[in-house]
Amino acid sequence: MSGTRRSGAHPPGRLRGIVAVCVAVLMVAACGNPLRGGAEGGDEGRIVIGASDVGESLLLAEIYAGALRSAGADDVTVRPPVGGREVLVQALQDRSVTLAPDYSGNLLRYFDENTGATTSEEVSRELPGALPDGLEVLTASPAQNTDMLVVRGDLAAQGVRSISDLAPRCDRLVFGGPGQWADRWRGQIRKLYGCEFAEIRTTDTGGPVTVEALRSGEVQVANMFSTSASVRANGFVPLDDDRHMFPAQNIVPLAAEGSLSKPERAALDRVSAALTTEKLTELNVEFSERKRNPADIADEFLARLGEG
Amino acid sequence: MSLVDELGTYLGSANTRAQLWSGLAEHCYLALLPIVFGTVLAVGAGWLGRSRPSLRGTLGVVANLVYTVPSLALFVVIPGIIGTTILDSVNVVIALSLYTAALLVRPMLDALDAVPQAVTASATAMGYRPARRFFGIELPLAVPVLAAGVRVAAVSNISLVSVGALIGVGGLGRLFTDGFQREYYAPIVVGVVLTLVLALVVDLLLVALRRFLTPWQRPAPRDPAHAEEVEA
Amino acid sequence: MIPETFAWFGDAANWSGPGGVPARLAEHVGYVALALAVAFVIAMPVGLLVGHTGRGAVLLVGTGNIVRALPTLGVVTLFFLLLADSTPAALVGLVVLAVPPIMAGAYAGVQAVDPHVTDAASGVGMRGMQRLWQVEVPIALPLLLGGVRNAVLQLVATAAVAAYVGLGGLGRYLMDGLAILDYGEVVAGAVFTAALAVVLDLLLAGLQRVLVPRGVRLAELATSKGST
């Protein structure tokens, strides 16, 4: 049977198939590879900054990013925000994130439930010792963003101005807050104020679901945050924490141990020092009310500091 | 502020535009890489189904099962099975590859079945070993059916990658979480539009690819293509 | 992950009360059922009509493809901003995303009816609506029900995603658990959501078998055998 098969001949379909696969792979490769993982920072130079799902966290992350870039770090990315402290701590410990903004008081309570520290100084003193291996904090900022219990205007008008005022009515009220709130504060609020809510509902971390739930009356008391723009924007009334249940919450950079160089740490310390509660509240308004891009807000803030 | 004004301000920021580009690129990658993997898996399953007919039933059932599992559930369960961290974008790629494969297995098996007996018989008579016959004859003939499935899978993947934003994975999904968190329409509108545009572009490219791979089919007859469109 | 999951399942608190499995499961099924009913009422007539008359097919297929390409998270968040309330927003989103599969199934089903059969039906004296309901729809049932099955899968998955904007149901376990990295809760949510989808799909498959007239089923078997 001579002549039926020329040497090296392929059925045309096969060649096209190979070409098609190559085209497909090139098409995909052209989109770029976002799967580079790892954020060992420091000598590797790759810094990944994490943020929790509270808007301010992303804002602070962008500020840190800007500061680090001007300190010479050339591969700084900010991860999309997700979840809460649990997620970030995990990511910091497995070093897929180098750095994240956090709040001193809650961070301390997260690792040391029984701490009695309430003022900024007390918290700052105890914090480094409470952290597990692999984590470290840099210098805390004077700016604070504390938890607050807020109520709608109509409840405040009935004379409820502080949590002590709220306490006798708690068992008739529904509370809305982030998922971890019950674990963190239910015991404390009962001990300090004698307040036990009829129901503790999970809404979100001071975000739109919480705002909507309080606005509609689905919950009567909500956990929100002192620098948040939505408290005033919606006419909610924060209750005075007269027995100091909530500790000081200074903004503090939480980092994977040993991942930042000296100039980088210095840049972050300068930025932390320059941040005040008023300034942070202003930045939050820029972010959530004026809806500006957080990177833009960060650039502007750093430029005014002379860091940008 | 009207929506148009809002969009203008939103897109006016250079940082925003840069983020949109990189989000689009990531999204594209996360949606299309699984198509490649999924198709390879489905071809493998097709090969398995041809060489071992007893497995066909099982393959069909497994494929159906995988496709039934909701995306978010799959994204969070995969880390437990293969040991990645829960927030890794690899989870999305693996989940979507599985979906693509699941979607393509049934059409693959059916298409391979539809190759006329006479064709496979003459190939064997000409001396084609099973592998050569599979890749040289049966697979190319299955391409039109596969292509229809791949188009559906591509559009589906492009939509599902956005859900990945809930586990912190990149792509256009973060436009929706951002818009939601700040009660801001612009990112959501932009995200939806970009997703649709991406789906359209990818669909057109896939149609072109199919035409390239099946020269014997041009021009495609109207009615079967129509029915094919609808089923897709 | 496995030990935490077992711990979660073993905790009695997770099985009672408004946050317990029965309540969340009921919520989830409720949302799916409601959205399915509304989507069905909207999509079925449109799909059947377009398939029967043959007019507007391009519009139907085009719209269906566009809606199907919409990102679920985008739709749900957009409606939340528009309606400012979690449940209505999520439900509208669910309905919107369930319409294309049902519409496509109805259309494809009626379209696939052998023209000789419809011809014969007119020949016997059947008028339009009679032909539609007594001949075309029964023959279209497999594809129609297939569309409903697809819609149900889409709904179960989307309802889980809608937990992000505050909707109840099984998605809450996924979202709340993810926020605090409670692997037990997250996996439990994933398992229940997947199980619900599988169970509903099996139920619908059974329904398909029951509802499709024997004659149609036999005809399908006969034609598929004769294709090669």
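**Exercise 1.** Work out how many residues of chain C are in contact with chain B, and what kind they are.

*Solution.* Start with the count: 38 residues of chain C are in contact with 38 residues of chain B, where contact means that two C-beta atoms, placed from the backbone, lie within 7 Å. Next, look at the elements: eight residues come from α9(C), the largest share of the side of chain C that touches chain B. Helices here are DSSP runs (H or I, at least four residues), numbered from the N terminus. Finally, sort that side by class: 29 nonpolar, seven polar and two charged residues. Ala, Val, Leu, Ile, Met, Phe, Trp, Tyr, Cys and Pro count as nonpolar, Asp, Glu, Lys and Arg as charged, and the others, Gly among them, as polar.

A word on the model: it is predicted, with local features needing pLDDT of at least 70 and side-chain atom pairs 80 or more, while totals for chains, interfaces and linings use all residues. Residues are numbered from 1 along each chain as its sequence is written, and chains are lettered from A in the order in which they are written.

**Exercise 2.** Find the domains of chain A and see how they meet.

*Solution.* Then check the contacts: twelve residues of domain 1 of chain A meet ten of domain 2 of chain A. Helix α12 (residues 277–289) of chain A gives the most to the domain 1 side, with seven residues.

**Exercise 3.** List the residues that Met108(B) touches.

*Solution.* Skip residues up to four places away in sequence, and you get Ala42(B), Val43(B), Ala45(B), Gly46(B), Ala142(B) and Leu146(B).

Definitions and conventions. Helix = DSSP H or I, 4+ residues; strand = E, 2+ residues; numbered from the N terminus. Domains from an automatic or database assignment.
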